[in-house]
Amino acid sequence: MLTSHVVRGRAHLAAGMIAASTVLWAVAAAAQSCVCGGIADDTIAAQVGLDREWIVQVPFDSAAWRLAHVVVGEGLVVAQGGDGTVAAIRTDTRPGGARRGAVAWSQRVGGSGLLEAAGIGQRVVTVARGRDVTAIDTMTGRIAWEQALSGIASAGAMPSGGWVYTPLDAGGVYRLPESRWGEAAPPPGEESSPEGPRPGSQTGPVDIASQGEVDFRPVAYGNGILWCNANGLIIALVREGDFKRRIEFELGGPASGPPVVWNNDIFVATRAGDLARITLRPDGLTATSGIARNEQAEEAEEVRYTGWHTVLEATPEGSPLVGGDTVVLSLGAWGVAAFSALTGEQLWQSPQGGRPLAITDNRVWLLDDSGFLTARDLASGGRRERFCLGCFTLPVINALSERLILASPGGLVVSLAPRQTLPAVAPVPPQPDPPEPVDAPPPAADEI
């Protein structure tokens, strides 16, 4: 009998190994069929001046679910499965961390409701879902904390400057410390109090007035945050040394997509047919446009801006995409247009519509109206290449770096970079110290 059990156990083990091998073979075969002959094929990519940096299969239940979001951040690409899986792909090299292009960690987020796109910060990755928000440590992938919201999230949560900001569907923005609130360590030189936080300190959640619903995920802006409500009002919470400001900038109409921050300038298009570049300067020399309020003062003060404003020929769709000195914007049925980032002057317009995905060197990549991936010359707008997407049908907009990121609903993600931007194969240069642990003390009470 003992021999019979051993033989039966070995048979089960062998069957399990065969099943696992079959699944791995199926995944590899599917990936190969997606890649061969398309832009993700390293041979084809090289013909258009691109190198395939990495390609990875995101670990989630792809048999029952589809990839919901792919978000590009500093040092990470975060992919989210419909089953609540959040996987981080490392895009830089850190001592002791995962290699570039590898899945650094994978975590499952619970809750119910719509899964919003993740927000990527230096310390945490935040995911809002229904009435909950979860913070995941960027380095380890462990869940730092989970917190119930005061309402249903209307857009993704975004960490910036030591805080996490989540828009709510009833209006308002719910703010939480990045660190585990209620368990924060006291400032150096002070002992913790058994009664809890120091009088006047603010370590818990706060509701911030948004003056209307916020339809887009907030955007990190310097050491603060900004968002645009449904009425076309941009609100920025900024800090300059010890001076705190809440800046309000009226666009004159609802934004067609979330504002884009590029080199500390704000680029935004409106459904009224405008494209603007906004540089907020409290000590500027041009006409006043907007109001800044010192949070420690009773009276409002003027804030000035430099920038430009261009009237468009048609209603834009989505957000502008900025690369170098060029801004590319979809004009819907009127095609795609490019503008000078310095002056706002129109550089070119293509009659074929498309959704800008990324700018790499001298090309802008678009998902065109016919479902093909098209590359246009950034200087002239002329079409240079056109590829069938194959399985990479999940659009990924990269407004952060010169990388073309492609993803499939089944979880295959690839990064393509201009050849001259790839780091040389040499000794790894010294890296900055890793971010402080997420349980570090939150900002002081009077910080934004």
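Predicted model: local features only at pLDDT ≥ 70, side-chain atom pairs only at ≥ 80, totals over all residues.
The mean pLDDT of the protein chain is 81, and 75% of its residues reach 70 or more. Over residues 182-202, however, the pLDDT is below 50, and this stretch has 15 contacts in the model beyond near neighbours in sequence. The pLDDT also stays under 50 over residues 424-431, for which the model has 4 contacts beyond four places in sequence.

With regard to secondary structure, the protein chain has 2 helices and 32 strands. Of its 448 residues, 48% count as buried, while the chain as a whole exposes about 20900 Å², of which carbon and sulfur atoms supply 53%. Among the contacts in the protein chain with a separation of 6 or more, 49% are between residues 24 or more positions apart.

One of the sheets is open and consists of 3 strands in the order β1-β32-β31, with antiparallel pairing. Because β1 (50-57) and β31 (404-407) stand at the edges, each with a single partner strand, one side of each is left without a neighbour in the sheet. Neighbouring strands of this sheet are turned by 15° against each other on average, direction ignored. The antiparallel pairing of β31 with strand β32, which spans residues 412-418, is made by 4 bridges, and within it L404 has L416 of β32 as its bridge partner.

A further open sheet is formed by 4 strands in the order β10-β11-β12-β13, and here too the pairing is given as antiparallel. Its edge strands are β10 (158-160) and β13 (206-208), each of which pairs on one side only, and the twist averages 30° from one strand to the next. Between β10 and strand β11, which covers residues 163-167, the antiparallel pairing extends over 3 bridges; in this pairing M158 stands opposite Y165 in β11.

Side chains of opposite charge can pair when their charged atoms come close. A search of the whole structure finds 10 salt bridges, including one between R100 and E53, in which the closest N and O atoms are 3.0 Å apart. Since R100 lies in the loop between β4 (85-90) and β5 (103-108), whereas E53 belongs to strand β1, the pair ties together parts that are 47 residues apart in sequence. R100 has a relative accessibility of 28% and therefore counts as partly exposed, while E53, with a relative accessible area of 19%, is buried, the cut-off for burial being under 20%. These two residues are also linked with R403 in a network of salt bridges.

Two other salt bridges can be described in the same terms. R90 forms a salt bridge with D92, with the closest N and O atoms 3.1 Å apart; R90 is buried, with a relative accessible area of 5%, whereas D92 is partly exposed, with a relative accessible area of 23%. The side chains of R246 and E248 likewise meet in a salt bridge, at 3.3 Å from N to O. In this pair R246 is buried, with a relative accessible area of 14%, and E248 also counts as buried, at 11% relative accessibility.

Terms used: Residues numbered from 1 in each chain as written. Heavy atoms only, no water. pLDDT = per-residue confidence, 0-100. Contact = heavy atoms within 4.5 Å. Pairing = 2+ DSSP bridges. Axes fitted to C-alpha atoms, helices over the stretch in contact; angles between N-to-C directions. Buried < 20%, exposed > 50% of the residue type's maximum accessible area, 1.4 Å probe, protein only. Areas by Shrake-Rupley, 256 points an atom, 1.4 Å probe, with all protein chains shown as cover. Salt bridge = Lys/Arg side-chain N within 4 Å of Asp/Glu carboxyl O.
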